[in-house]
Amino acid sequence: MSYLDNILFALLLILGVSFFTINIRKIIRNIKLGRDVDRSDNKSVRWANMARIALGQSKMVKRPVSGILHIIVYLGFVIINIEVLEIIIDGLFGTHRIFAFMGGFYSFLIGAFEIIAFMVLVSVLVFLIRRNIIKLWRFAHSDLKGWPKSDANYILYFEVVLMTLFLTMNGADLWLQQMGVSHYVEAGSFPISQFIAPVFNGMSVASVVLIERTAWWLHITGIIVFLNYLYFSKHLHILLAFPNTYYAFLGPLGKFNNLESVTNEVKLMMDPNADPFAAPAADASVAPEKFGASDVQDLNWVQLLNAYTCTECGRCTSVCPANITGKKLSPRKIMMDTRDRLEEVGKNIDSNSGKFVPDNKTLLHDYITPEELWACTTCNACVEECPVSISPLSIIMDMRQFLVMEQSAAPQPLNAMMSNIENNAAPWPYNQQDRLNWKNEN
């Protein structure tokens, strides 16, 4: 490899890492638009959750077929890309298989990489069949029309191309090793690409070198492109699943947070010695508290991290009783809409010198309708099912809270129930004097 090749490779690497860094900073900035929430407790439990769920993929295997296939692809992404380190060193310094000095261990690694690459190819083909031929319900759902459906296929095509280039590169390398071509040191074990090598018989050494170099360049370029494509794709979860599982809510799934201001007001009302007129006057310099959430800035930063982490797998929607019975609610759509709105807010900030300019849009109404929110049964099935510990329910409940406490826009049956509780101390419309009549019944 000439010095020009080394320089071109260095420029490609710098360009790719620079774009990736810029995009990651945008994501961090957008996530920080959310309200603060403390998730620094129980660090040992959080680390264990991250290791078990994000690294160990424990929730994926609840559905064995897709779970095992996903683990294979995941291992392929993590383990095969260890070889990227060798490719980077070779690309920068003009060496070839710089780690070949490890001998038998190196052969074991390359052999393992090839077997996993082949398994990834098989798994990806099964995924493509499930999505596009069998058309499983959760992949054919209306949520995934347009870009989300195309994105899922693009990433699978990416995997096929990268694994094919990897095996082609190794097959040509093996053939050149066998021909004793200088620079191509004998190193590695090639259990899969050994079947590709005979394809090059009868070709000139120069032609095979060209094929090997072309596959090498396309493979590393593809990895860099893939890395930067993550920002625009649902596959951002490859990176964000780790912090998302670490910062996940650790309390009981049915537990909801009480608003401190409301709690204090109730305590004041229930205190027989309290004088409600003696309450301190509101500080005019402090903006009044907003109850619930109508836009992404009203959500907390963990909820926004959830939105970016969503894998769009549809497991949440497939178990949602409201969706199953034909309601409009789809937990997956809640997360996708939140991410889309957050991206829109981020672009607004980018185009206005770092400041958000009101655009007369909100997450509520413009993206998510009240009908969707009120269809939720708060059963937590979506939270339990999510393979990366996302909570669509927390967003739904915050937006419901806004509808009730800020807009008085609860459904009529709910308003009637709350009125009955206020007037009768019970959800039912009867006089308080009749509350204990049931004990007189035979």
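**A close look at the helices**

Modeller: Happy to! Let's begin with Ile-79, a residue of helix H3, which covers residues 64-80. Please keep in mind that this is a predicted model. Ile-79 counts as partly exposed, because its relative accessibility is 24% and that class lies between the 20% and 50% cut-offs. Leaving out residues up to four places away in sequence, Ile-79 touches Phe-113 and Ile-116. As for Ala-117, it sits 38 residues from Ile-79 along the chain, and the C-alpha atoms of the two are 9.6 Å apart.

Next comes the pairing of helix H4 (residues 82-93) with helix H8 (residues 205-229): their axes come within 11 Å and cross at roughly 120°. That crossing of H4 and H8 is left-handed. On the H4 side, the residues in contact are Val-84, Ile-87 and Gly-91, and they meet Trp-216, His-219, Ile-220 and Ile-223 of H8.

Finally, let's turn to Gln-177, which belongs to helix H7 (residues 147-178). Gln-177 counts as buried because its relative accessibility is 6%, and the cut-off for buried is under 20%. What is Gln-177 in contact with, leaving aside its neighbours within four places in sequence? The partners of Gln-177 are Arg-97, Tyr-184, Val-185, Glu-186, Ala-187 and Phe-190.

Notes. Residues are numbered from 1 along each chain as its sequence is written. This is a predicted model: local features need pLDDT of at least 70, side-chain atom pairs count only at pLDDT 80 or more; totals for chains, interfaces and linings use all residues. Side-chain values use heavy atoms; hydrogens and water are left out. Axes are lines fitted to C-alpha atoms, for helices over the stretch in contact, and angles run from 0 to 180 degrees between N-to-C directions. Helices (H or I, at least four residues) and strands (E, at least two) are DSSP runs, numbered from the N terminus. A crossing is left-handed if the near helix is turned anticlockwise from the far one by less than a right angle, and right-handed if clockwise. Contact means heavy atoms within 4.5 Å. Buried means under 20% relative accessible area, exposed over 50%, partly exposed in between (1.4 Å probe, protein chains only).
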